Amino acid sequence: MLGRLLHRSIKAKHIFARNLSLTHRNDFKVTVIGGVGGIGAPLCLLLKLQPDLITELYIQDLVKWTPGVALDISHINTPVKVKAFTGADQVREACRGTDLVIIPGGVPRKPGMTRDDLFGANASVVRDVAVACADACPDALINIITNPVNSVVPIFCEVMRKAGKLNPAKIFGISTLDLVRSSTFVANLKGLDPSKVVVPSVGGHSGISIVPLLSQCQPQVSLTPDEIKTLTTNIQQAGTNVVKAKVGAGSAQLAMAFAGARFAFNLLRAKKGESNIIECAFTLNNSHGTKYISSRLLLGKNGIEKDLGIGKLSDFEQENFKKAIEAIKKNVAKGEQFVNKIGDIDIPNDEEQNDNEKKKKQEKVDLAVLNGEKIQISNDNEKKNIDKNVLNEEKRAD
Ligand SMILES: NC(=O)C1=CN([C@@H]2O[C@H](COP(=O)(O)OP(=O)(O)OC[C@H]3O[C@@H](n4cnc5c(N)ncnc54)[C@H](O)[C@@H]3O)[C@@H](O)[C@H]2O)C=CC1
Ligand SMILES: O=C([O-])CC(=O)C(=O)O
């Protein structure tokens, strides 16, 4: 009798374990667009160190040393498999069937610029990635790091809407760095461990649209009105201070890579089935007087499980939040207008895409012929000889 009960309970445990392994995936594929840049490379490094969640890491960038960076990262002895994709025409391939696309591709600020000044350069980058995702991975989670976040998230969403593939629960503008900075600044002021301090940040991700909620800090801290004012300004200005201190060499990269990895891991943990995972992010959410807002989100298997809102604000935070809403409305309208000007978006299928790529290559050759340039088409033997020469060079260098 006891034996039979034991047998039944072991059998039940096996079935339970099998069900768990079926529902609790940890074999996620992650694609990083712009994965070789100042944020992209350290972010990919952190992703490579997380085999508990990630099995494949696809690194896409425009620069020709993309395979080199991917090769470099691939030598780290974790089981995460790394693959490189070079060029804008490889975005689709890099995104095909992926679970999570992280986008730090685009241009960063130089001193004197606002995040909004990046719109001209980065709007079309995000639009083109959205067009590729609408076809190659319409169900993927999307994390947009590229600035200006307040405008490019609406661009991504509008492209998906036009393609009939919009799922607002899966598209996130990454404002995690504002939370990371808030934790650090409060902890430094109060002599606490920064990794144990949690401060939500709502609104958006630029200047006055960033609204840190110091009144909701965990653990609770006592701050004077002056401290609250100074901390708030410092958090809002932190990105600009990094840009200034880097004197033209870019904006925050390492702390952003950390923040991007934290958000991605939490999103994947929630997708895997872990409960009670809360993060703030900028998403399509019209419950606060603007179409998009960063609020506290409970993450789940399919992205946002529940919007937890912004909670109770102090009078000071309420004032700041009002200003933030006005700024965000303008940023959102700018992004939406950009997409609406384009009209209908044609998402090419695989065959059309191949034809387009062939046509583009032929156009390049035709143009070169017109310009009287010498065109060199190397056959397989020539390629083998080149490879041999490279190998010999490498041996000499060793
Ligand atoms: N959301 C946030 O909290 C933060 C956002 N950012 C933003 O992240 C973006 C990237 O910053 P960094 O990595 O420092 O810049 P970076 O210039 O070092 O790297 C950007 C990378 O994107 C690539 N790229 C450019 N256009 C591309 C395209 N069409 N497709 C694929 N790759 C493309 C470049 O080749 C480069 O490797 C900037 O727009 C910056 O403002 C930066 C810090 C924080
Ligand atoms: O300030 C910038 O340009 C980059 C950024 O978004 C940040 O550091 O928060």
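Okay, quick one on contacts: two residues are in contact if their C-beta atoms, placed from the backbone, lie within 7 Å. Before I use that, this is a predicted model, where local features need pLDDT of at least 70, side-chain atom pairs count only at pLDDT 80 or more, and totals for chains, interfaces and linings use all residues. Residues are numbered from 1 along each chain as its sequence is written, while chains are lettered from A and ligands numbered from 1 in the order in which they are written.

So, two helices (DSSP runs of H or I, at least four residues, numbered from the N terminus). H7 covers residues 176–190, H8 covers 225–245, and they pack at about 140 degrees with axes 10 Å apart. Who meets whom? On the H7 side there are Asp178, Arg181, Ser182, Phe185, Val186 and Leu189, and on the H8 side Glu227, Leu231, Asn234, Ile235 and Ala238. That contact has six nonpolar, two polar and three charged residues. Here Ala, Val, Leu, Ile, Met, Phe, Trp, Tyr, Cys and Pro count as nonpolar, Asp, Glu, Lys and Arg as charged, and the others, Gly among them, as polar.

Now the ligands. Near, for a residue, means its C-beta atom, placed from the backbone, lies within 6 Å of the molecule. Around ligand 2 we find, among others, Pro108, Arg109, Gly239 and Thr240, and H8 gives the largest share of that shell, four residues. Ligand 1 has 33 residues around it, with Gly34, Gly37, Gly38, Gly105 and Asn147 coming nearest.

How values were computed:
Axes fitted to C-alpha atoms, helices over the stretch in contact; angles between N-to-C directions.
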